[in-house]
Amino acid sequence: MAFLQKIRPSLPRPKYKFLRPALLSLCLLTPGGLAASSGLNELDNPQLRGTATFRYLGLPLYDAQLFTPGGSAFSWNQDFGLQLQYRRNVSQKALVNSTLDEMQRIGRAAPVRDQLQVCFKAVKKGDRYLAVSEGPNKVSFWLNGRKTCTMSYPGIKRSFMSVFLGENTRSAAFTQRLRGQ
């Protein structure tokens with residue numbers, strides 16, 4: 001230890017002392033933006049279109065953001081990204097079951113339980129899931145910036161995303177705000 005103390009004073013000091021704290025601050029202040037960017041890179045010029053908070057019995061469950069190419073109006077005919085930031089811990093089983101229940105409730109059921117169990121992991125408060133459509137038959141998922149899977153099924157984009165963006169969601173006001181209307 002004494003050896004290191006003798007060498008340390010002789011090491012050159014960096015010229016830009018402020019650089020390390022500035023980079024650390026940047027990383028700490030923008031983890032969600034950096035994490036989401038990896039999945040959003042799949043879209044052409046993704047821009048934020050709308051935001052909304054989903055509540056159940058008055059309790060906020062998650063904050064949602066819709067990204068469209070250039071921030072254009074929402075359209076099922078173009079690819080888009082939907083990010084959810086959770087305000088509560090949710091188990092994998094609850095995520096899978098509630099998604100399948102909602103898909104069935106809105107008339108968009110698809111036999112994708114096995115795929116959802118691969119895609120969905122349990123989330124903790126603050127975790128972010130990003131779903132990005134790739135044409136009508138694929139949706140890719142990222143959890144906190146790491147890709148978990150790509151779900152493939154005929155019409156899965158509309159089947160899955162209709163839970164949040166369709167005509168028969170649990171909250172019309174939530175969907176309108178998310179669509180930027």
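User: What is the handedness of the disulfide of C119 and C149?
Analyst: This is a predicted model. In the model, the torsion about the S-S bond of C119 and C149 is about 105°, so the disulfide is right-handed.

User: Which parts does the pair tie together?
Analyst: C119 sits in helix 5, while C149 belongs to strand 6 (residues 146–152). The pair therefore links parts that are 30 residues apart in sequence.

User: How far apart are the sulfur atoms of C119 and C149?
Analyst: They are 1.7 Å apart. The cut-off for a disulfide is 2.5 Å. The count for the model comes to 1 disulfide.

User: Is C119 buried or exposed?
Analyst: C119 is buried, and so is C149.

User: New topic: helix 6. How many of its residues are buried?
Analyst: 9 of the 10 residues of helix 6 (residues 156–165) are buried, so the helix is largely enclosed by the rest of the structure. Among them are I156, K157, F160 and L165.

User: What about K157, why does that one count as buried?
Analyst: The relative accessible area of K157 is 4%. Buried means under 20%, so K157 qualifies.

User: Which backbone oxygen lies 2.8 Å from a polar atom of the K157 side chain?
Analyst: The backbone oxygen of W76.

User: And what else does K157 touch?
Analyst: Leaving out residues up to four places away in sequence, K157 touches W76, N77, Q78, D79, F80, S133, G135, P136, V139 and S162.

User: S162 is in there. Which residue is 7.8 Å from S162, C-alpha to C-alpha?
Analyst: I106. I106 and S162 are 56 residues apart in sequence. I106 also touches S162, along with S159, V163 and N168, not counting residues up to four places away in sequence.

User: Where is I106 found?
Analyst: In the loop between helix 4 (92–105) and helix 5 (113–119).

User: Buried or exposed?
Analyst: I106 counts as buried, because its relative accessibility is 15%.

User: Let's switch to strands. In what sense do strand 1 and strand 2 pair?
Analyst: Antiparallel. Strand 1 (residues 46–56) and strand 2 (residues 59–69) pair over 10 bridges.

User: Which residue stands opposite A52?
Analyst: A64, in strand 2.

User: How many residues lie between the strands in that hairpin?
Analyst: The hairpin of strand 1 and strand 2 has 2 residues between the strands. In this hairpin, L57 takes a positive phi near 55°.

Notes
Residues numbered from 1 in each chain as written. Predicted model: local features only at pLDDT ≥ 70, side-chain atom pairs only at ≥ 80, totals over all residues. Heavy atoms only, no water. Helix = DSSP H or I, 4+ residues; strand = E, 2+ residues; numbered from the N terminus. Buried < 20%, exposed > 50% of the residue type's maximum accessible area, 1.4 Å probe, protein only. Contact = heavy atoms within 4.5 Å. Polar contact = N/O pair within 3.5 Å; in protein donor to acceptor, adjacent residues only side chain to side chain. Pairing = 2+ DSSP bridges.
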